[in-house]
Amino acid sequence: VAWSLANCAELPIGFLACQRLTAVWVGINQRLAAPERAYLLDDSQVSLLIEAEQTARDGPRSLTAEGLNDVIQLGHEPPVVEIDPHAPAAIAYTSGTSGRPKGAVHSQHNLIWQGRVSRESHPPSDDERLGTPLGHTILNMMVLGPLSAFARGTTSLIMGRTDAVGFSNEVKAHKLTFALLVPTMLHDLVKEPDIHPSALSTLEHIIVGGAGAPTGLRAQFQERFGVRPILSYGLSEAPSGVARELADHPVSQPAEAVALAPVELVVVDGNDEAVSADTEGEICIRAVAEGPWANAWTPMLGYWRKPDLTAETLRNGLLHTGDFGLLDSRGRLRVRGRRSDLILRGGANIFPAEVELVFTCAATDGSRRPSRRAPT
């Protein structure tokens with residue numbers, strides 16, 4: 001069952017309904033171009049599409065949110081089904097930066113751990129309100145947003161404004177305490193002169209993911225709004241975050257993250273052998289073998305209809321992320337960039353993310369500006 005709606009109550013309700021029916025949930029971003037949308041619908045073999053406006057097309061049966069409510073009002077008895085928590089429950093399509101998007105298939109078992117773990121590591125407050133304006137049709141956002149709020153026993157706020165002023169107005173009106181953002185939103189909030197710091201005064205926790213955020217930008221945000229943005233590292237195949245920056249790590253230094261409770265991070269060489277501390281390699285993930293969460297975490301079930309790629313990504317008992325980075329002697333992770341983006345020049349490894357970081361920091365720091373001339 002595919003869902004292509006803006007953030008609204010129907011999305012988390014529909015997600016939970018799919019889980020009760022043992023249907024496989026697929027999110028389709030409304031902003032996708034027609035060919036991209038068509039590819040996802042065809043590849044995922046969708047039977048039913050719930051969308052904002054019903055359109056005539058060759059493809060799966062389509063209903064609007066209003067039409068879905070009409071069906072609900074018919075009062076049919078819900079079917080009795082046996083739920084297997086390890087069966088396919090949802091598909092998260094990757095960004096497609098290295099080709100066609102791939103559908104990472106996840107089980108119910110693996111969708112709930114994020115909220116369960118956070119409940120223990122960061123107990124919720126009585127008035128916690130968790131929200132994100134990022135699209136809930138992204139499985140990671142559904143997991144980190146509504147599902148985590150429900151698992152934590154707190155309130156999930158449905159937000160729709162990604163622009164700085166609109167977002168700050170929603171925070172102020174609904175007294176949001178816990179937000180999930182991306183670096184571009186941090187930048188817009190810092191640079192928007194019409195936002196008074198008091199508008200975000202209720203925020204106690206901000207988790208930032210999706211890309212790296214320069215230290216200067218995070219420091220400026222903390223100085224202006226009084227709350228520290230915490231970086232999170234994750235991927236569609238996990239799903240959601242698997243490592244998080246320590247709150248006491250100096251914001252003035254390059255970001256470092258530690259693995260969340262159920263997972264272990266391993267950095268390997270080209271032969272899948274673990275490398276020594278402070279040595280760069282591919283970042284891999286597996287379940288921890290000891291402690292209260294031993295062997296509880298599971299990776300994706302595989303890529304939808306791509307068995308060969310599944311075997312390659314999950315080989316040797318590891319989830320291979322395709323990201324390069326290193327672990328220091330304390331087990332803290334530093335992400336360098338995508339393995340597929342690596343540039344080899346004169347025998348040296350160059351990560352585009354590091355080049356971009358130099359330009360971004362220069363643009364953020366008002367004391368200097370990057371050159372218009374591109375590096376050769």
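1. In this predicted model, helix 8 (residues 183–191) packs against helix 9 (residues 215–225) at an angle of about 50°, the axes lying 10 Å apart. Helix 8 is therefore oblique to helix 9, a term for angles that are not under 35 degrees (roughly parallel), over 145 (roughly antiparallel) or 65 to 115 (roughly perpendicular). Helices (H or I, at least four residues) and strands (E, at least two) are DSSP runs, numbered from the N terminus.

2. Contact means heavy atoms within 4.5 Å. On the side of helix 8, Pro183, Leu186, His187, Leu189, Val190 and Lys191 meet residues of helix 9, including Leu217, Phe221 and Phe225.

3. Thr313 lies in helix 10 (residues 307–313). Thr313 is buried, at a relative accessible area of 9%; buried means under 20%, exposed over 50% and partly exposed in between (1.4 Å probe, protein chains only). The Thr313 side chain reaches the backbone oxygen of Leu309 at 2.9 Å. Beyond its neighbours within four places in sequence, Thr313 is in contact with Met300, Tyr303, Leu318, Leu319 and His320.

4. Gln45 is not a glycine, yet has a positive phi of about 55°. Gln45 sits in the loop between helix 2 (34–43) and strand 3 (48–51) and is partly exposed, with a relative accessible area of 48%.

5. Lys175 has a positive phi near 55°. Lys175 belongs to the loop between helix 7 (164–174) and strand 9 (178–181) and counts as exposed at 52% relative accessibility.

6. Residues are numbered from 1 along each chain as its sequence is written, and side-chain values use heavy atoms, leaving out hydrogens and water. As the model is predicted, local features need pLDDT of at least 70 and side-chain atom pairs count only at pLDDT 80 or more, while totals for chains, interfaces and linings use all residues.

How values were computed: Polar contact = N/O pair within 3.5 Å; in protein donor to acceptor, adjacent residues only side chain to side chain. Axes fitted to C-alpha atoms, helices over the stretch in contact; angles between N-to-C directions.
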